[in-house]
Amino acid sequence: MGEIGELPATESVATKIAVKLTAVDSESPWRSSLQQLRRNRAAMVALGVLLFMVVVTLLAPVYAHSIAHDNPFASNLQGRIKIGSHYRSVMQANTQGLGLGVTPIGPTWHFSKYFLGADQLGRDVFARILYGGRVTLLIGFSSGLLCIVVATVLGMLAGYFGQATDWIISRLLDIVWAFPIYLLAISLSVILVTSGLDLGIIHIGAGSLLLPILIITSVYVPYVARPVRGIVFSLKERDFIQAAIASGASDWHILRKEIFPNVAPSVIVFFPLMVALNILTESALSILGIGVQPPQASWGTIINDGLQLLYTRPWVAIAPGLCIVVVCVALNILGDGVRDAFDPRAKLRGSI
Amino acid sequence: MSRLNSMKRMGVILSSLAVCSFSIIALSASSPAGASGYQSQHAGGTLHLDATAAGGTLDPQINYTLQYWQLYQATYDGLVSFQKVNGNPSFDVVPDLATAMPKVTNAGKTYTFTLRKGIKFSNGKTVTVADVLATFQRLFKVSNPNAGSWYNDIVGGPACVTTPATCKLTGGVVVNAATNSVVFNLIAPDAEFLDQLAVPFGSIIPANTPAKDQGDTPIPGTGAYAFTSYNPNSALIMKRNPYFKVWSAAAQPKGYPDEIEMTFGLPVESEVTAVENGQADWIFDPIPADRLSEISTKYVNQVHVHTLTADWYAPMNVNIAPFNNLKARQAVNYALNKHSLVKLYGGTELAVPTCTILPPAFPGYLKYCAYNSKSSSTYAGPDLKKAKALVAASGTLGDKVAVVAQNDPVDESVGEYIEGVLNQIGYKASLKPLSQNIEFNYIQNTNNKVQISVTQWFQDYPAASDFLKVLLNCSGFHKASDNSINIAGLCSPSIDATEARAESLELTNETAANKLWGQIDKTIMTTEAPWVPLFNPKLVDFIGKRVGNYNFSLQFYMYVDQLWVK
């Protein structure tokens, strides 16, 4: 991760604060940033695409139950469907040559019947992509949010209190940072996906979606916490903070009212990019079979299903891959727009 | 023997009893693989084999994989070996390094062999009876996987199992250099002793071989070929043994290629493409599902399909809920649609639904189907209504069940299918896919509390006990052990007693013994239902266009060294 600008876009706010010894005037700069974002056509198109994908995936049950009339989580190996006046088996036995192999039905391009064909268990791929999108987006957004929240708290504590607090937090982050992201994520997943997470009173089952969310969050926290810590270090030397300290404000008050408003714009800039990265990481883990576990499906697990059908039914892998591409490109374009609006000096695409 | 997966510890000596009609080379029922007149015009060249990964240690007394057992046929010999012919006679044991079949005396407890003279190892040293004694001592010293279950019948064997380092087998293996005789004294008669000597664990190797796993270092053997180099990350090379002369074509025929090379590292999809393009002559790994249709239509003449004496099955843990309830186990037996499972494996040309523990045409096989949609000895279909009623009657409705399966495509699909059906009949099921390397041991260990899993079993040699006694006997059940091959945990003294009776009967009346084994199979399934037998798989060999002389052993599969490439 590259460094964030020393002082974020709220520098003018900080000046006001230094004078008034009050909290950030959160109205005008936020409003101005949002207006700037709204004027960014590319970012708005990206946001539109993103919202479209979210809405479409939320409608998965409607499609499965009311349009396709199937259960995309139940196998349908003996199923037959009627297309036009013909009945076709969902799983089609090869009748040529030696007759080896059974191939799932390919895309019918009939919106209501196996639009993108079936997977190796005879399940409707299109319906599974809709359901899988819910899981992928849920993991991406929730782990992105959790990552930002945890990283902001840790970065602020380390940067503000310094000394032992900083040393302990920084070394912990260094340990995580020392591992390549995917190596660490894969290692954690291999262990936790098998046995689940058991921390005394907290038990998370092996198939729970919380596991990939927590794993992805934990591997990315240092990449946001370190820049936040740097910003707080810098802010701490500023007059308005010193003034607040001199006026006897509590640490909690200073962190909440003085530091956080100045850190928030930078952190917000990270969010779309973190969501995109987390979606990619979740997909990578699921493609390897150590992310989302059956019966849940994500775009990554559907790609995994499609790998064994790549020669005969490539759409099973291509379609969820395209969904990931579309969502991640949209998030990146939106992220650029957010950066331009909130923190133009931030360098987002560094070493992540 | 279990198949962990196609590339790892696929324990296995498989066999097939019916050579599939699709096999293009018409195999006569017992035509010799190598002795039907050696055709020297086809000798020479290099045979290229592909495997996605190496098969582990090259030590024949430790390695327990089909991948290398198939190659060991051309590199090692025991005192006896399975006949190198096609068809059913490939199950027959013939003299190999011994001059003749042993003289069995002392009520079946003493086997006397005479070692052939003048046979040399690939390092030029002559094979002596001292090598034979050292071989069997080493077998215990290196902790052979079956030392405690097969070879501990030899006098002194139990002590060797307890303290392998000092293993002498005093009184158990008695050799006489003057007469070249080797005498095995057993603690009790064992009808399967010769089979156990004929597998690669019984390969005779030089007496000075270090008593530890030789790993990547080839051990000299007496076969037509010798391993000359082995790098598990790249390739295994076999070249002609310069000291080999045919002494019995039925036991160890002369091979055709000058060199056999097994290359590791390509994904299986690329291996198939390599064979299609003539860059490889054969692949060890199973053909991926999405290439089956292609090879069976475009490369018909290069495909050979064989029925295997093997089971895919779903063992249910009879000691923990919900499957400690017979009705729950019977419900699953009724619920699973084996026709669907056959589709998952590749269709009716690649698998046959089964209801029995013993594979069809196996010694002791009794055709019946206890859990069926209609009263028939042939599997007709599932009976979901009955399954749901049994679940309700068992009081296990709504119980949580985790299905454990390997994470390779077919195993995981089967696991997902079972998970779906369990949900359908009223359980709250989930799937737990595990790495191919750990699943087989994981499902055996009672500490892991596995309720139901997906696994396979391939015969070691053609004997009913290799399924029924090995997999469903108290002796195979060890709590908290990764090597508790009785995965269902069924331990019934009455079944054990009947199995012991069948084993004794094998020594005097094989027909009666097999009939009893068939009854045991039926009794286990009807009164205990510890498994759901799913289907009997078939094997697909895909060979290169230039390859000729395809021969298939029911015991050890294709004879690699008999293929010709010229």
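This is a predicted model: local features need pLDDT of at least 70, side-chain atom pairs count only at pLDDT 80 or more; totals for chains, interfaces and linings use all residues.
## Strand E5 of chain B

## Partners of E5

On one side, E5(B) is joined by three bridges to strand E4 (residues 103–105) of chain B, and the two strands run antiparallel. Within this pairing, B:Lys103 has B:Thr112 as its bridge partner. E4(B) and E5(B) form a hairpin in which four residues lie between the strands, and B:Asn106, in the turn, has a positive phi of about 55°.

E5(B) also pairs with strand E7 (residues 181–185) of chain B, again in the antiparallel sense, over five bridges. In this pairing B:Thr114 stands opposite B:Ser181, while the bridge partner of B:Thr110 in E7(B) is B:Asn185.

## The four-stranded sheet

These pairings belong to an open sheet of four strands in chain B, whose order is E4-E5-E7-E6 and whose pairing is antiparallel. Its edge strands are E4 and strand E6 (173–176) of chain B, each of which pairs on one side only. Neighbouring strands of the sheet are turned against each other by 20° on average, with direction ignored.

Helix H2 of chain B, residues 129–141, packs on this sheet and touches E6 and E7 of chain B; the direction of the helix makes about 165° with that of E6(B).

## Chain B as a whole

Chain B contains 14 helices and 21 strands. Its radius of gyration is 23 Å, close to the 24 Å that the globule rule gives for 566 residues, so chain B is as compact as a globular protein of that length. Taken along the principal axes, the C-alpha atoms of chain B fill a box of roughly 70 × 55 × 40 Å.

Of the 566 residues in chain B, 58% are buried. Among contacts in chain B with a separation of 6 or more, 72% are between residues 24 or more positions apart.

## The largest nonpolar core

The largest nonpolar core has 255 residues, and those with the most contacts inside it are A:Val224 and B:Val403. Helix H5 of chain A, residues 125–161, gives the most to this core, with 16 residues.

When neighbours within four places in sequence are left aside, the residues in contact with B:Val403 include B:Ile418, B:Leu422, B:Ala429, B:Leu431 and B:Ile452, as well as B:Gly415, B:Glu419, B:Lys432 and B:Ser453.

Notes. Residues are numbered from 1 along each chain as its sequence is written. Chains are lettered from A and ligands numbered from 1 in the order in which they are written. Two strands pair if DSSP finds at least two bridges between them. A nonpolar core is a set of buried Ala, Val, Leu, Ile, Met, Phe, Trp, Tyr and Cys residues joined through C-beta atoms within 7 Å. A residue is buried if 20 or more other C-beta atoms lie within 10 Å of its own, exposed if 12 or fewer, and partly exposed in between; C-beta atoms are placed from the backbone. Two residues are in contact if their C-beta atoms, placed from the backbone, lie within 7 Å. The radius of gyration is taken over C-alpha atoms; the globule rule is 2.2 Å times the number of residues to the power 0.38. Axes are lines fitted to C-alpha atoms, for helices over the stretch in contact, and angles run from 0 to 180 degrees between N-to-C directions.
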